[in-house]
Amino acid sequence: MDYLHHLAIVYGAYIIATASPGPSNMAIMAVAMQRGRKAGLAIAAGIVTGSLIWALTAATGLSALLATYADALFVIKIAGGLYLLYLAWKAARSALAPAASAAQNAARSHGSLYRRGLLMHLTNPKAIMGWLAIMSLGLQPGSPPFVLPAILGGCAILAVCVFGGYALIFSTATMVQAYARARRWIEATLSLCFGYAGLRLLLSRG
């Protein structure tokens, strides 16, 4: 029954990793407050898809192969850092823009929001290493065949609950009204957070 214990550890680690404040969750929060529930769920769906893509990559052993090639991880890290800096610039521009202009700039399709979330997660090298750690925790020698589907399926459900939960909570009327009152401060904070995360990623040695 050790494999059940390992599954519990995997689920706990995944909840902590996904629920902790970070660029993905902050992006969901901002979009949900600014555009509403459907928009928040759209970007959350992109992030969930990105997480599942890395999960399948780890399950097939491709992430371990990527991790052995420093050049591949370096390219992903640079792309991720630059994309976060791009999001920081957009948030800063929104903070400085008049309310009407900011609302016009925010008017984008749910498909583009989905792609934004997907790209954000696919250019995150920490996601690769995170799934490698999760697979090493959950897949032990002699584990029954159902353990891998249990890891993938369980984490998929948790991802939907966590990221979707952020979208639902921050799209409530109270949060939307709070965003309308403090739009500039919220966008400025997002700009600083995205910028810090992007520079940290670009300057990291790992």
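1. Basis of the note. Residues are numbered from 1 along each chain as its sequence is written, and side-chain values use heavy atoms, with hydrogens and water left out. Because the model is predicted, local features need pLDDT of at least 70 and side-chain atom pairs count only at pLDDT 80 or more, while totals for chains, interfaces and linings use all residues.

2. Overall fold. The protein chain has 11 helices and zero strands, where helices (H or I, at least four residues) and strands (E, at least two) are DSSP runs numbered from the N terminus. Its pattern along the sequence is α-α-α-α-α-α-α-α-α-α-α. Of the 206 residues, 43% count as buried; buried means under 20% relative accessible area, exposed over 50%, and partly exposed in between, with a 1.4 Å probe and protein chains only. Contacts are heavy atoms within 4.5 Å. Among contacts in the protein chain with a separation of 6 or more, 84% come from residues 24 or more positions apart.

3. Helix H2 against helix H9. H2 (residues 23-35) and H9 (residues 147-169) pack at an angle of about 30 degrees, and their axes are 8 Å apart. H2 is therefore roughly parallel to H9. Here axes are lines fitted to C-alpha atoms, for helices over the stretch in contact, and angles run from 0 to 180 degrees between N-to-C directions. Angles under 35 degrees count as roughly parallel, over 145 as roughly antiparallel, 65 to 115 as roughly perpendicular and the rest as oblique. The crossing of H2 and H9 is right-handed; a crossing has this hand if the near helix is turned clockwise from the far one by less than a right angle, and is left-handed if anticlockwise. On the H2 side the residues are Asn25, Ile28, Met29 and Ala32, which meet Phe163, Tyr166 and Ala167 in H9. By class, this contact of H2 with H9 has six nonpolar, one polar and no charged residues. Ala, Val, Leu, Ile, Met, Phe, Trp, Tyr, Cys and Pro count as nonpolar, Asp, Glu, Lys and Arg as charged, and the others, Gly among them, as polar.

4. Helix H2 against helix H11. H2 also packs with H11 (residues 183-203), at an angle of about 160 degrees and with axes 11 Å apart. The two helices are therefore roughly antiparallel to each other, and their crossing is left-handed. H2 contributes Pro23, Met26, Ala27, Ala30, Met33 and Gln34, and H11 contributes Ile186, Glu187, Leu190, Cys193, Phe194 and Ala197. The contact of H2 with H11 comprises 10 nonpolar residues, one polar and one charged.

5. Phe170. This residue is placed in the loop between H9 and helix H10 (173-181). Phe170 is buried, with a relative accessible area of 16%. Leaving aside neighbours within four places in sequence, Phe170 is in contact with Met29, Ala32, Met33 and Met175. Phe170 and Ile28 are 142 residues apart in sequence, yet 8.2 Å apart in space, C-alpha to C-alpha.

6. Ser51. Helix H3 (residues 37-59) holds Ser51, which counts as buried at 2% relative accessibility. Beyond neighbours within four places in sequence, Ser51 is in contact with Tyr14, His121 and Trp131.

7. Cysteines. The structure holds zero disulfides, a disulfide being a pair of cysteine sulfur atoms within 2.5 Å. Cys155 is buried, with a relative accessible area of 0%, whereas Cys193 is partly exposed at 30%.
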